[in-house]
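Let's take a friendly walk through one part of a protein model. Have a look at the structure first, and then we will go through a pocket and the helices beside it.

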Amino acid sequence: MKDTISMLNEPLISSIKKHSYDISLWYENHLKKITLPLLSAITIKNGGVKISTSDCQLFPVGLNNLCKTDLKYIPTLIREYFKRFESANKKIEKVMILANREDSNPFYYEHLSVMEQLLKKSKLQVQIATLE
């Protein structure tokens, strides 16, 4: 027997599936009007009765967890991302990563290292610095 939360979610899930093409089309059209950050993560929570965002991070950690297949394509995607900000006479060649000097996440520095490697594979000069 289905629980109450599952029963409450069925109409929402059904509606999303039914309108997935329209949702994707809206998303693609909206993306043409805005510039998303290079890295971001949004936590979406399902409370059973409503779904909402609870956390938004513009520069989340976790690049050190990507699979090797995805890592192959990321340098190309990074170059495509930065091309949006270039003009005929101004090319982006250098990137500075502003990092925390100390972080409680034991994998933070591994994440920074992977980010640095990916940016360098994208043919960018990279410098890591702190504001402290």
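Predicted model: local features only at pLDDT ≥ 70, side-chain atom pairs only at ≥ 80, totals over all residues.

What classes of residue make up the lining of the second largest pocket? Ten are nonpolar, one is charged and none is polar.

Two elements, α3 and α4, each give two or more residues to this lining. Helix α3 gives the most, with five residues.

Now turn to how these helices meet. Helix α3 covers residues 68-83 and helix α4 covers residues 108-121. They pack at an angle of about 65°, and their axes are 8 Å apart. Angles from 65 to 115 degrees count as roughly perpendicular, so α3 and α4 are roughly perpendicular to each other. Their crossing is right-handed.

Which residues make the contact between them? The table lists them by helix.

| Helix | Residues in the contact |
|---|---|
| α3 | L71, I74, P75, I78 and F82 |
| α4 | V114, L118, L119 and K121 |

By class, the contact of α3 with α4 has eight nonpolar residues, one charged residue and no polar ones.

How values were computed:
Residues numbered from 1 in each chain as written. Heavy atoms only, no water. Axes fitted to C-alpha atoms, helices over the stretch in contact; angles between N-to-C directions. Helix = DSSP H or I, 4+ residues; strand = E, 2+ residues; numbered from the N terminus. Parallel < 35°, antiparallel > 145°, perpendicular 65-115°, else oblique. Left-handed = near helix turned anticlockwise from the far one by under 90°. Contact = heavy atoms within 4.5 Å. Nonpolar A, V, L, I, M, F, W, Y, C, P; charged D, E, K, R; others polar.
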